[in-house]
Amino acid sequence: VEETLILVKPDGVARGLTGEIIRRIEAKGYRLADLRLVAPDRELLAAHYAEHEGKPFYEPLLEFMASGPAVAIRAQGERVIEGFRSLAGTTDPTTAAPGTIRGDLGRDWGLKVQQNLVHGSDSPESASRELALWFA
Ligand code: ATP
C-alpha cells in the first residue's frame, strides 16, 4: 500500500491544530502507521529541503521549521500521496480552497515564508526519501 510523510509544521503544533489535522487525515480514511514529535536539527531540515537551497525563502523556511517541534506522520492508503496533497490545499494559505487544511485553517502572516501548517510528500520517491529522514 502507498505511504507518505505528512508533517504538522511548527505553526500547526503551536496553534494547537495537530488534533484537527489528524482528524481530517483519519476521516479521509488514511491509516496512521507511525507518528512522532520531532525537534528537527539543521541537518535534517537541509536534507529535507535540499531542492529549495538557494531560493529566497530557503533560509526563512529552515528557520521557521526549526522554531518548534513538528509532528511527523507515516500515513498509508490508496493514492495517499495525491490524496493528502488534495486535503492540504495549495501552498499559499490565503488562496488555498476552502475545505482544505490550508484553506480553512491557514492565513498569510506577512512573513518571508509561507507558514502553511502542513507538508506532504509529492511523489513515491520523495515519500521514501523523506520517511527515511524523519523516521531514522
Ligand atoms: P506545494 O508543493 O503544494 O507548493 P509544498 O509544501 O510541497 O507545497 P514547496 O514548493 O515544496 O511546497 O515549498 C516548501 C515550503 O516552502 C512551502 O510549504 C512553504 O512553507 C515554503 N514556500 C514555498 N514557496 C514559497 C514562496 N514563494 N514564498 C514563501 N514560502 C514558500
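Is Ile21 buried or exposed, and how many other C-beta atoms lie within 10 Å? Ile21 is buried, because 23 other C-beta atoms lie within 10 Å, where a residue counts as buried if 20 or more other C-beta atoms lie within 10 Å of its own, as exposed if 12 or fewer do, and as partly exposed in between, with C-beta atoms placed from the backbone. The model is predicted, and local features need pLDDT of at least 70, side-chain atom pairs count only at pLDDT 80 or more, and totals for chains, interfaces and linings use all residues. Residues are numbered from 1 along each chain as its sequence is written.

**Ile21 and its surroundings**
- Ile21 lies in helix H2, one of the DSSP runs numbered from the N terminus, in which helices (H or I) have at least four residues and strands (E) at least two.
- Ile21 touches Val8, Gly12, Ile101, Leu117 and Val118, leaving aside residues up to four places away in sequence; two residues are in contact if their C-beta atoms, placed from the backbone, lie within 7 Å.
- Ile21 and Arg102 are 81 residues apart along the chain, and their C-alpha atoms are separated by 10.0 Å.

**The largest nonpolar core**
- The largest nonpolar core has 24 residues, of which Ile6, Leu7, Ala75, Phe84, Ile101 and Val118 touch the most other members; such a core is a set of buried Ala, Val, Leu, Ile, Met, Phe, Trp, Tyr and Cys residues joined through C-beta atoms within 7 Å.
- Among the elements that give two or more residues to this core are strand S1 (3-8), helix H2 (18-27), strand S3 (70-76) and helix H5 (80-88), and H5 gives the most, with five residues.
- Phe84 touches Thr4, Ile6, Ile25, Ala75 and Gly120, not counting residues up to four places away in sequence.

- His119, listed by UniProt in an unreviewed entry under "active site", is found in strand S4 (residues 118-120); UniProt annotations may be inferred rather than shown by experiment, feature names are shortened, and positions follow the numbering used here.
- His119 is buried, because 23 other C-beta atoms lie within 10 Å, and His119 touches Ile6, Leu7 and Lys9, not counting residues up to four places away in sequence.
- The residues around the ligand include Phe57, Thr90, Asn116, His119 and Asp122, a residue being near a molecule or strand if its C-beta atom, placed from the backbone, lies within 6 Å of it.
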